[in-house]
Amino acid sequence: MDDTNFPIATRFRGFLPVVVDVETGGFQSSTDAILEIAASFVDFDDAGKLVVTETLDYQVEPFAGANLEPSALEFTGIDPEHPDREARKEVVVFGELLKAVRQKVKNSGCNRAILVGHNAHFDLGFVMAGAERSAIKRNPFHPFSVIDTASLAGLAYGQTVLAKACDAAGIHFNNREAHSAAYDTEKTAELFCTIVNRWHEMGGWVWPEPDTDE
């Protein structure tokens, strides 16, 4: 990919969009467990189309004293005690994930990451809480700004539910795989890319002319 032609650092005001989904043991980021977290990275291809380039996926051990709401576990279908879970401690997961995000920010020429999510403030709250519990000193994510695909899809397609928004955008969505962090993250990333690319095709945003000065 020749990112000198379509540098992502010029598209989102110097922010690197990172698509994130968390699956949790409840709705309260300060008290409820993070059970899965995934992050998809995006970049522009040689034709100037925004595409998904990589997804990182982690299963997470509940932190000490974490709350686990039975209704949340029933909704996600996650059994924290399942013998096949390859969960790692939250501090290890966040150390590895945020290090990867920082490296992507540096490599892209961006100055910070911005979380993209479906109902993104929910995910951001858990990311910030997990980073704080893990004593991460250099959190690459903007502390309060997000890009919310529920809002974008409501504008673009009149749909705010992820599955319905994907269907409206022509993206296959398998409800049996939903509520897995990796699957939901990748579908959210596809939706985000589709909306950004469509907006570009409609003339809503154009690439700046390259600087040809010697």
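**View 1. Helices α2 and α3 cross in a left-handed way.** In such a crossing the near helix is turned anticlockwise from the far one by less than a right angle. This is a predicted model: local features need pLDDT of at least 70, side-chain atom pairs count only at pLDDT 80 or more, and totals for chains, interfaces and linings use all residues. Residues are numbered from 1 along each chain as its sequence is written, and side-chain values use heavy atoms, without hydrogens and water. Helix α2 spans residues 90-108 and helix α3 residues 120-133. They pack at about 110°, with axes 9 Å apart. The two are therefore roughly perpendicular (65 to 115 degrees).

**View 2. Residues from both helices make the α2 and α3 contact.** Contact means heavy atoms within 4.5 Å. Helix α2 supplies E90, F94 and L98. Helix α3 supplies F126, V127, G130, A131 and R133.

**View 3. F12 and F192 form a tilted aromatic pair.** Rings of Phe, Tyr and Trp (its six-membered ring) pair if their centres lie within 6.5 Å; planes under 30 degrees apart count as stacked, over 60 as edge-to-face and the rest as tilted. Here the centres are 5.9 Å apart, with 35° between the planes. F12 sits in the segment before β1 (15-24), and F192 in helix α6 (residues 181-201). They are 180 residues apart. Both F12 and F192 are buried (under 20% relative accessible area, with a 1.4 Å probe and protein chains only).

**View 4. W205 and W207 form an edge-to-face pair.** Their ring centres are 4.9 Å apart and their planes meet at 80°. W207 has 17% relative accessibility, so it counts as buried. F6, F44, W205 and W207 form one aromatic cluster.

Key. Axes are lines fitted to C-alpha atoms, for helices over the stretch in contact, and angles run from 0 to 180 degrees between N-to-C directions. Helices (H or I, at least four residues) and strands (E, at least two) are DSSP runs, numbered from the N terminus. Angles under 35 degrees count as roughly parallel, over 145 as roughly antiparallel, 65 to 115 as roughly perpendicular and the rest as oblique. Buried means under 20% relative accessible area, exposed over 50%, partly exposed in between (1.4 Å probe, protein chains only).
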